[in-house]
Amino acid sequence: MNVLLIAIAAVVVNNFVLSYFVGICPFIGVSKKIDAALSMGIAVTFVMTLTSIVTWLITDLILVRLNMPYLEYVAYIVVIAALVQLVEMFIRKTSPALYKALGIYLPLITTNCAILFVALLQAMRNYNFIQATVFGFAAGIGFTLAIVIMAGIREQLEIADVPRPFRGAAITLITASILALAFMGFSGLIAA
Amino acid sequence: MATKSILAEFTKGFGKDNPTFVQVLGMCPTLAVTTSVVNGLGMGLATLFVLFFSVLITVLIKRVVPDGVRIAVYTVVIATFVTIADLFMRAYAPPLSKALGPYVPLIVVNCIILGRIEAFATKNPAGPALVDAVGMGAGFTVSLIILGAIREILGSGKLLGVSIFGSGFNPLLVMVLPPGAFLALGILMAIFNALKDRNSLVVMEGR
């Protein structure tokens with residue numbers, strides 16, 4: 001039950017993009033086409049789940065035992081950078097098709113703040129191993145949901161007549177605002 | 001001439017190369033912490049601190065850092081200064097540290113910092129690089145203060161915690177909630193674009 005709550009909260013109620021504002025760069029940059037957005041979402045979900053697992057292990061098995069929690073940020077960012085490299089090499093060897101689909105998005109993920117945010121939140125909330133894994137996966141699904149919906153809207157927006165000053169990032173942000181407003185409707189779903 | 005170009009290096013962060021409204025960088029902190037002026041100012045100053053010292057270390061070590069691992073090296077430098085800023089805030093400004101929460105460590109992945117290191121500090125001498133860092137950091141801080149002021153006034157009817165409309169004003173709560181952040185930044189960006197368009201039109205008519 002507890003795990004289910006964490007998952008629902010991470011996917012819709014506290015959606016990473018629309019309520020925590022992390023991962024905005026790819027959200028704005030890679031949301032022009034639905035299939036590109038979906039590939040990005042899958043890549044992020046994959047790395048996010050792994051990151052949550054690995055940073056949980058590092059925090060609980062190394063940093064806390066050695067009494068060095070102040071090394072958190074440095075450790076996390078190094079782990080994430082290394083992990084993205086590893087995932088990239090692994091996918092290139094095992095599944096060339098998937099590698100082709102995710103290709104350019106994988107390196108971009110290192111600088112995606114949503115990944116670091118997963119690591120920080122699971123440490124801050126003292127999740128156990130299973131909770132951390134579910135949280136990482138659900139947060140990625142939430143990101144995918146938001147970016148795919150956004151891409152769907154932007155494909156329609158392409159043919160709309162937008163006033164000149166609003167073109168580009170401005171109209172995208174206002175669209176995101178309305179989307180965030182809609183997602184706030186989910187906040188009653190979980191009490192407290 | 002030399003002083004003029006240094007001045008230009010400093011002011012571009014406020015106008016034509018403003019990190020928030022023109023380059024659209026560092027969006028996470030911009031949207032997340034600007035619920036009030038104080039939070040915006042705190043985040044801006046923390047970013048300025050990290051940016052300045054990361055650039056300082058970068059110009060000192062850039063000759064000995066191998067090209068292949070430079071991003072990793074600079075990221076670790078940035079993460080170190082973010083840790084210092086975070087511990088400092090926890091010790092001397094606990095309420096601010098609490099309000100900014102996990103967004104302080106997120107400065108590590110703020111693209112403005114790595115962007116300035118990659119695009120400017122590694123290619124220029126120490127002087128201009130540091131001026132550029134201060135200018136960009138200050139431009140970012142000003143953007144956060146503007147956004148924070150708008151959201152605080154509309155969303156809670158206050159500025160710097162002081163009520164300005166009296167009790168008759170019904171605050172637009174949505175402005176301090178997530179949708180308000182996107183909306184305020186979107187409209188500000190459109191205004192910025194409109195001003196830029198008008199300026200370029202005036203220049204063209206003047207010719």
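Two residues are said to be in contact if their C-beta atoms, placed from the backbone, lie within 7 Å. By this rule, the contact between the chains takes 32 residues from chain A and 32 residues from chain B. On the side of chain B that touches chain A, helix 2 (27-32), helix 4 (70-92) and helix 8 (178-206) of chain B each supply at least two residues. Helix 8 of chain B gives the largest share of that side, 12 residues. Helices (H or I, at least four residues) and strands (E, at least two) are DSSP runs, numbered from the N terminus. Sorted by class, the side of chain B that touches chain A has 26 nonpolar, five polar and one charged residues. Here Ala, Val, Leu, Ile, Met, Phe, Trp, Tyr, Cys and Pro count as nonpolar, Asp, Glu, Lys and Arg as charged, and the others, Gly among them, as polar.

The structure is a predicted model, in which local features need pLDDT of at least 70 and side-chain atom pairs count only at pLDDT 80 or more, while totals for chains, interfaces and linings use all residues. Residues are numbered from 1 along each chain as its sequence is written, and chains are lettered from A and ligands numbered from 1 in the order in which they are written. The pLDDT is the predictor's confidence in each residue, from 0 to 100. Chain A has a mean pLDDT of 81, with 93% of its residues at 70 or more; chain B averages 80, with 90% of the residues scoring at least 70. Among the elements of chain A, the lowest mean pLDDT, 68, belongs to helix 6 (residues 105-109), and the highest, 88, to helix 8. In chain B, confidence is lowest in helix 1 (residues 2-11), at a mean of 68, and highest in helix 3 (residues 37-61), at 88. The model as a whole scores ipTM 0.77 and pTM 0.80.

Chain A may be considered next. Chain A has nine helices and zero strands. Its C-alpha trace spans about 60 × 45 × 30 Å along the principal axes. Of the contacts in chain A with a separation of 6 or more, 81% join residues 24 or more positions apart.

Chain B has eight helices and two strands, and from the N terminus on its elements run α-α-α-α-α-α-α-β-β-α. The radius of gyration of chain B is 19 Å, close to the 17 Å that the globule rule gives for 207 residues, so chain B is as compact as a globular protein of that length. Residues 24 or more positions apart account for 74% of the contacts in chain B with a separation of 6 or more.

The interior can now be examined. A residue is buried if 20 or more other C-beta atoms lie within 10 Å of its own, exposed if 12 or fewer, and partly exposed in between, with C-beta atoms placed from the backbone. Buried residues make up 44% of the 192 residues in chain A, and 41% of the 207 residues of chain B count as buried. In soluble globular proteins, nonpolar side chains tend to be buried together. A nonpolar core is a set of buried Ala, Val, Leu, Ile, Met, Phe, Trp, Tyr and Cys residues joined through C-beta atoms within 7 Å. The largest such core has 105 residues, of which Leu116(A), Phe117(A) and Val108(B) touch the most other members. Helix 8 (residues 129-157) of chain A gives the most to this core, with 12 residues.

Leu116(A) and Phe117(A) are both among the buried residues of helix 7 of chain A. Of the 12 residues in that helix, 11 are buried, so helix 7 of chain A is largely enclosed by the rest of the structure. Not counting residues up to four places away in sequence, Leu116(A) touches Tyr76(A), Ile77(A), Ile80(A), Leu106(B), Val108(B) and Val109(B). Tyr76(A), Ile77(A) and Ile80(A) are among the buried residues of helix 4 of chain A. After helix 7 of chain A comes Asn126(A), whose phi is positive, near 55°.

Methods: The radius of gyration is taken over C-alpha atoms; the globule rule is 2.2 Å times the number of residues to the power 0.38.
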